[in-house]
Amino acid sequence: MSATPVPLPSSEPKDSDHTDSPPDLAELPDRLVPDFIAHWVVKTARSAEMIDWYGHVFGARVVHEDHQIAFLTWDHESHRLALVKLPPPLRYAFPLSRWRRKTYGIDHLAFTFTSVARLLLTYERLAGVGIRPVWSINHGPTTSLYYEDPEGIRLEFQTENHPTAQQTAEYFASDAFSENPIGTNVDPDYLLERFRAGAEPADLLKPGAGVRPGTKPKSNKRAITWKTL
């Protein structure tokens, strides 16, 4: 889901009638923090499968590989992903390791697309090579497609539903988000059909826009299953 700043804790005592208000993002304190994520590293017994998958999904290319490690990139950064190679039989020694994220530790990494068009065209391209999301949902702040790599690492491909960060922050403070903080599942094929038919991008990001007529939407906790968890 979106990494847009959420309301800051208030220093004032809260009473039963108090509700949080969205922050004015222009007023947030200026702190020295990292400028961007440079790379992540995965220890894997499936290096060949990982290289192939990230080649399809990100257009990744190998910039160095030996018997111990492989470095991949897909943009100006020297490397975005490093794969520490483990002996292939280790995959059988830890058969449930790919499910760990469902109960403990980091759940997923999120990547933003600057438009719903780019998100849906990526979905179409990946579906063409058999790579499909394990979860597709309009969270409210974002429309998100979740994929899993061969090691079970989950990647969220998202696009912002609101045109400005301030509007997203205001949505986080709204009653609508309080009532449904998880969102409503979407059918990406239906969204793609609507996009190809000329629907306005903003209309594809509205609540319920990805629910195919005649189907019952799954929202909030009903959207959580073992597959989507």
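Visitor: How are helices H3 and H6 oriented to each other?

Guide: One begins with the angle between the two axes. In this predicted model, the axes of helix H3 (residues 116-127) and helix H6 (residues 188-196) come within 10 Å and cross at roughly 120°. Angles of 65 to 115 degrees count as roughly perpendicular and those over 145 as roughly antiparallel, and H3 and H6 are therefore oblique to each other. Their crossing is left-handed.

Visitor: Which residues make the contact between H3 and H6?

Guide: H3 contributes Ala-117, Leu-120, Leu-121, Tyr-123 and Glu-124, while H6 contributes Pro-188, Asp-189, Leu-191, Leu-192, Phe-195 and Arg-196.

Visitor: Where is Ser-136 found, and is Ser-136 buried or exposed?

Guide: Ser-136 belongs to strand S6 (residues 135-138). Its relative accessibility is 9%, so Ser-136 counts as buried. Beyond residues up to four places away in sequence, Ser-136 touches Ser-144, Leu-145, Asn-185, Val-186 and Pro-188.

Visitor: How many residues has the largest nonpolar core?

Guide: That core has 29 residues, and those with the most contacts inside it are Tyr-54, Leu-72, Leu-83, Tyr-147 and Phe-157. The elements giving two or more residues to this core include helix H1 (47-58), strand S7 (142-148), strand S8 (154-160), H3 and H6. H1 supplies the largest share, six residues. Apart from this core lies another, of six residues, among them Val-134, Trp-135, Ile-137 and Ile-182.

Visitor: Which residues does Phe-157 touch?

Guide: Not counting residues up to four places away in sequence, the partners of Phe-157 include Val-57, Phe-58, Phe-111, Phe-113, Leu-119 and Tyr-147.

Visitor: What is to be noted about the phi of Asn-220?

Guide: The general idea comes before the case. Most residues other than glycine have a negative phi. Asn-220 is not a glycine, yet has a positive phi of about 55°. This residue is found in the segment after helix H7 (201-204).

Key. Residues numbered from 1 in each chain as written. Predicted model: local features only at pLDDT ≥ 70, side-chain atom pairs only at ≥ 80, totals over all residues. Heavy atoms only, no water. Axes fitted to C-alpha atoms, helices over the stretch in contact; angles between N-to-C directions. Helix = DSSP H or I, 4+ residues; strand = E, 2+ residues; numbered from the N terminus. Parallel < 35°, antiparallel > 145°, perpendicular 65-115°, else oblique. Left-handed = near helix turned anticlockwise from the far one by under 90°. Contact = heavy atoms within 4.5 Å. Core = buried A, V, L, I, M, F, W, Y, C linked by side-chain atoms within 4.5 Å. Buried < 20%, exposed > 50% of the residue type's maximum accessible area, 1.4 Å probe, protein only.
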